[in-house]
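Please walk through the strands of this protein and how they pair.

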Amino acid sequence: MSQRPDTAPEKDRKDCNRQDAAADCTGIPGPDRMLASPGPGFGRAPLAEGGTDKAVFMRCDLSLDLFAPNQPISPYLVDWRQAFADLDPAASAPAALVFDRGPYPPVIERLRLPLSPDAQGKRLIELYLSALVNNVVCTAGAKRATLAAAPGLDPGILAAVRSNLLLHPDSFSDMSLYFLHRLIESVFGEGLVIDAAAGLLLEQVPGSGRAAGSDAAAPLRPGLALAINIGQHLTSWGLVRLTADGGCQVMDLTRRKTCPGEAHCCLTEAIGGIVAAARRSLGPAAAAVEAVGIAVAATVLDGMVRPVAEFGLFAACPNAALGGAAEAIRQVVAQAFPGRPGVVINDARAQALFAYHHGGGRQAVGGGHLLTVRLGACPCVHVLDANGHSAPGFDEYGWLVTRACPSRPGATLFSTPRMPLSHYGVAMAAHELGLLTRYGLGIEEAIPFFHGRLTGPDARAAREAAGVYAILGAHLAMLAAEIHRTRPIGAVLVPGSRANRLDVAAFAAMRAGFEAFALGRPLVPQGIELLLIEDASAEAGLVGAARAALSPD
């Protein structure tokens with residue numbers, strides 16, 4: 001893995017870190033400098049100076065013009081999208097990004113680009129196009145991204161996009177792009193290519209079917225399934241009974257470390273022990289199992305797990321074990337439960353299936369899509385259409401960039417939902433407001449501390465804590481805005497967690513933050529259902545895996 005290049009001369013680093021120099025660091029720097037972005041969490045002092053109300057207000061301040069010279073630039077990608085969409089047709093030209101996804105339908109991103117941009121405008125275009133390519137690749141998958149622009153594109157801009165995504169991927173976002181590159185190679189047999197169309201007329205670019213609907217939901221097959229949910233750190237299993245009236249029951253729930261006694265293991269080699277332990281724990285009840293559903297924290301395409309070397313559950317795998325992962329899982333299930341079907345799905349999709357079929361999602365979405373977000377050790381994100389089906393292609397929403405990052409030594413260009421929409425979100429939001437320092441809190445102490453203040457008798461403390469949770473809601477709105485453009489969202493469901501104290505009170509504060517961020521931002525879904533599925537986080541993945549096994553699409 002290449003080392004991150006030096007991002008700024010020493011004197012510029014000092015200037016950008018001075019408490020009184022924020023006004024000198026608000027422009028878009030060149031490729032040798034990281035993006036400088038004022039706003040929540042950026043600038044010269046903690047937002048706690050103005051309290052949590054000030055923090056939410058700053059998230060909703062839409063007074064800044066993205067293209068105005070000598071003006072601060074919004075850190076939110078949704079504002080960038082709006083600014084590019086609002087370009088004057090007389091001073092801009094149409095363009096399109098065409099994504100070749102091999103056996104899957106192509107994805108088209110249509111946009112406008114400013115004519116004759118100045119240096120800051122070129123830098124904005126470079127970063128914006130990089131973000132668009134990244135977000136399509138991680139949510140849909142692609143082996144080639146081709147830019148068609150009229151009257152043409154400055155070759156320096158295309159070179160910068162390639163540099164961001166291909167040459168220096170460790171500097172692009174806070175989720176390593178090396179994972180996506182290796183996944184692309186695994187799925188398509190070749191690396192990602194980014195190029196420009198030579199002489200391709202925009203009129204020849206086909207329309208995008210990105211939000212096309214699918215067939216009706218598969219009918220429920222009532223029965224008893226063994227469900228196994230394999231996470232990066234913890235694995236759980238249990239018997240799940242689905243009934244003809246749509247009910248579900250989880251029995252004999254067991255949890256253990258995924259890799260007992262080890263920091264990392266190879267799932268290809270560990271899967272036999274996991275399934276054998278699950279079968280032993282069931283005792284005589286194993287004979288009644290009709291199907292086996294396995295949810296796994298890894299990419300799953302067309303029912304096959306797609307391992308990526310050096311990452312996640314396959315970090316410790318020798319090369320020989322990577323290619324045989326899908327077959328190893330199939331054989332282990334067939335040997336432990338002969339004659340019974342086994343299905344493997346992504347863990348986020350399992351959570352979404354539970355939310356859709358058993359958490360009110362089907363009723364809430366109307367004709368739109370369902371976004372499900374679980375705030376676990378990492379954000380567990382998935383989208384289902386109105387009939388409960390996943391779109392074909394990748395579903396690595398953790399790599400979806402939502403916010404530009406500030407200019408500081410070693411910083412990445414963009415941030416993702418990785419931290420703010422995970423177990424660490426409360427601590428991150430509190431740190432952003434200067435509250436961890438104020439109260440002398442460690443990261444793991446943040447959740448019980450602020451939840452206690454949120455639900456306690458002190459109105460002022462509750463208001464401050466609500467502002468912390470509101471920041472999580474704002475990040476949820478950023479995520480929803482990126483998805484909503486191509487998969488119109490009808491509802492957002494969040495499985496609640498007793499361990500993370502994500503309950504009615506915490507979610508109400510998150511909803512307020514979501515709605516505050518959405519004000520004045522038409523690209524954020526408006527008036528949709530935002531629902532909490534109370535205390536569902538622990539069992540949702542198991543129920544979803546069982547549903548996939550008993551009623552496969």
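Two strands count as paired here if DSSP finds at least two bridges between them. By that rule, this predicted model holds an open sheet of 5 strands, in the order β7-β6-β5-β8-β11 and with mixed pairing. The edges are taken by β7 (248–257) and β11 (342–346); each has a single partner strand, so one side of each is left without a neighbour in the sheet. On average, neighbouring strands of this sheet are turned by 20 degrees against each other, direction ignored.

The next pair is β1 (residues 92–100) and β2, which run antiparallel and are joined by 8 bridges. Within the pair, A96 stands opposite R110 in β2. The two strands form a hairpin with 6 residues between them, and G102 in the turn has a positive phi of about 60 degrees. How enclosed is β2 by the rest of the structure? Strand β2 (residues 107–114) has 6 of its 8 residues buried, so it is largely enclosed.

A second hairpin joins β12 to β13, here through 3 residues. Strand β12 (residues 369–375) runs antiparallel to β13, with 6 bridges between the two. L375 of this pair stands opposite P379 in β13.

Strand β13 (residues 379–384) is mostly covered, with 6 of its 6 residues buried. In a regular strand the side chains alternate between the two faces of the sheet. In β13, P379, V381 and V383 point one way, while C380, H382 and L384 point the other way, and all are buried.

Is P379 buried or exposed? The cut-off for buried is under 20% relative accessible area, and P379 counts as buried because its relative accessibility is 15%. Leaving aside residues up to four places away in sequence, P379 touches R374, P417, R418, L421 and S422. The C-alpha atoms of P379 and G398 are 6.6 Å apart in space, although the two residues are 19 residues apart in sequence.

Technical notes. Residues are numbered from 1 along each chain as its sequence is written. This is a predicted model: local features need pLDDT of at least 70, side-chain atom pairs count only at pLDDT 80 or more; totals for chains, interfaces and linings use all residues. Side-chain values use heavy atoms; hydrogens and water are left out. Buried means under 20% relative accessible area, exposed over 50%, partly exposed in between (1.4 Å probe, protein chains only). Helices (H or I, at least four residues) and strands (E, at least two) are DSSP runs, numbered from the N terminus. Contact means heavy atoms within 4.5 Å. Axes are lines fitted to C-alpha atoms, for helices over the stretch in contact, and angles run from 0 to 180 degrees between N-to-C directions.
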